[in-house]
Amino acid sequence: MSRNKGRTKATSPAPAQAAKAAPTQTTGLSYVTPTEFVELPSRGQFYSADHPLHNQETVELRFMTAKDEDILTSQALLKNGLAIDRLVSNLIVDKNINPDDLLIGDKNALLVAARVSGYGADYTVQVSCPSCGTAQEHTFDLTAFENNEGIQPEENSESGVAATDNGTFTAVLPRTGYTAEFRLFTSQDEKDVMQASVKKTRHKLADSAATDLLKILVVSVNGIEDRAEVNNFIDNMPAQDARHIRGCVQVVTPNVNMNQPCECSSCGAVTDVEVPFTAEFFWPKQ
Ligand SMILES: [Zn+2]
């Protein structure tokens with residue numbers, strides 16, 4: 001008898017009642033997603049005067065939520081390569097900013113910040129040692145990157161690169177002696193080059209991503225802006241001149257410095273390794 005009584009007491013629904021009562025005493029589960037200000041490597045330079053990012057050194061970014069994760073797992077968006085762009089678009093607080101306009105280095109800074117807010121700063125990924133080739137897992141600290149503002153032309157005048165007032169640059173080409181004016185690479189440009197490349201593969205045409213890129217970035221040659229003329233010049237320009245423009249673009253582009261020292265567990269060499277953007281960047285292994 002006494003044992004049965006005890007058992008009845010033990011299964012009494014008291015804890016459940018207490019839990020039910022709780023919500024009436026709170027204001028619910030409202031949660032305001034925090035935001036942060038992310039420093040742009042460009043510091044707002046090279047955006048035209050009427051652009052919302054002109055002279056803006058930071059962009060306010062919302063932290064990643066569970067709903068944002070849905071974007072990253074949407075098969076349709078992943079297939080079209082749009083998942084990352086949609087994510088950036090959703091996270092930027094100021095909706096006047098068109099994410100397609102972002103300079104590529106600025107977009108990289110936002111992606112790194114979004115990744116840290118969503119999954120933390122530790123990024124474990126397979127790298128191979130540049131000295132001995134051994135593949136090994138390395139954990140990068142994504143908060144340790146520094147922005148590189150690009151080498152300003154006045155510091156690098158020997159290269160013949162100069163900044164214009166329009167956010168573009170000019171460079172004197174070593175072979176032809178022509179002056180090429182170029183602008184910096186944006187997120188939209190990246191999409192265009194990628195889509196063109198996919199189209200060419202589908203139609204079994206030779207890939208021309210390198211010249212496609214130059215056709216996008218070169219604004220004028222010797223002051224001539226006519227697209228047909230400029231594109232024709234690019235198709236026929238000496239390889240050395242093309243290489244010079246690509247080198248100049250790289251030097252002046254503000255970006256996130258994605259290199260971090262990595263010690264090899266096999267040979268002990270410490271080398272600077274560029275953090276690879278792999279699937280684990282936004283889809284970390286559990
Ligand atoms: Zn090694």
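Which hand does the crossing of H8 and H10 have, left or right? Let's start there. The crossing of H8 and H10 is left-handed. Their axes sit 11 Å apart, and the two helices pack at an angle of about 65°. On the H8 side the contact is made by Ala210, Leu214 and Leu217, and H10 brings Ala242, Ile245, Arg246 and Val249. If you like thinking about helix faces, remember that an α-helix has 3.6 residues a turn, so residues three or four places apart point the same way.

Before I go on, one thing to keep in mind: this is a predicted model. As for the overall picture, we have 10 helices and 12 strands in the protein. There are 286 residues, and buried ones make up 35% of them. And if you take contacts between residues at least 6 apart in sequence, 60% of those join residues at least 24 apart.

Which residues of H8 are buried, then? H8 runs over residues 209–217, and its buried residues are Asp212, Leu214 and Leu217. The cover over them includes strand S8 (179–182), helix H7 (187–202), strand S9 (218–221), helix H9 (227–236) and helix H10 (239–252).

Look at Ala209 for a moment, which is in helix H8. With a relative accessible area of 26%, Ala209 is partly exposed. Ala209 and Ala196 are 13 residues apart along the chain, and their C-alpha atoms are separated by 7.9 Å.

Two loops around here are worth a click. Thr186 sits in the loop between S8 and H7. Thr186 counts as buried, because its relative accessibility is 13% and the cut-off for buried is under 20%. Leaving out residues up to four places away in sequence, Thr186 touches Asp100, Asp101, Leu102, Leu103 and Ile104. The other loop is the one between S9 and H9, where you find Asn222. Asn222 is partly exposed, at 44% relative accessibility. For background, most residues other than glycine have a negative phi.

Arg43 does something of that kind: phi is near 50°, again a positive value in a residue other than glycine. Arg43 is in the loop between strand S1 (35–39) and strand S2 (58–62), and at 36% relative accessibility Arg43 counts as partly exposed.

Now the metal. Which residues coordinate the zinc ion? Cys129, Cys132, Cys264 and Cys267, each through SG, at 2.3 to 2.4 Å. The 4 donor atoms subtend angles of 105 to 111° around the zinc ion, so the arrangement is tetrahedral. The spacing of the donor residues in sequence is C-x2-C-x131-C-x2-C. Check accessibility for two of these cysteines: Cys264 counts as buried, at 5%, whereas Cys267 is partly exposed, with a relative accessible area of 40%.

Next, Thr124, in strand S3 (residues 122–128). At 35% relative accessibility, Thr124 counts as partly exposed. Setting aside neighbours within four places in sequence, Thr124 is in contact with Glu137, His138, Thr139 and Glu280. With Thr139 there is a polar contact, side chain to side chain, at 2.8 Å. As for Glu137, its C-alpha atom is 6.4 Å from that of Thr124, and the two are 13 residues apart along the chain.

Last stop is Asn255, placed in strand S10 (residues 255–257). Which side chain makes a polar contact with the side chain of Asn255? That would be Asn108, at 3.1 Å. Not counting residues up to four places away in sequence, Asn255 touches Pro41, Gly105, Asn108, Glu146, Asn147 and Asn148.

That's my tour; happy to take questions.

Note on methods:
Residues numbered from 1 in each chain as written. Predicted model: local features only at pLDDT ≥ 70, side-chain atom pairs only at ≥ 80, totals over all residues. Heavy atoms only, no water. Buried < 20%, exposed > 50% of the residue type's maximum accessible area, 1.4 Å probe, protein only. Helix = DSSP H or I, 4+ residues; strand = E, 2+ residues; numbered from the N terminus. Contact = heavy atoms within 4.5 Å. Donors = N, O, S within 2.8 Å, 3.2 Å for Na, K, Ca; no water. Tetrahedral: all angles 85-135°; square planar, octahedral: opposite > 155°, others 65-115°. Polar contact = N/O pair within 3.5 Å; in protein donor to acceptor, adjacent residues only side chain to side chain. Axes fitted to C-alpha atoms, helices over the stretch in contact; angles between N-to-C directions. Left-handed = near helix turned anticlockwise from the far one by under 90°.
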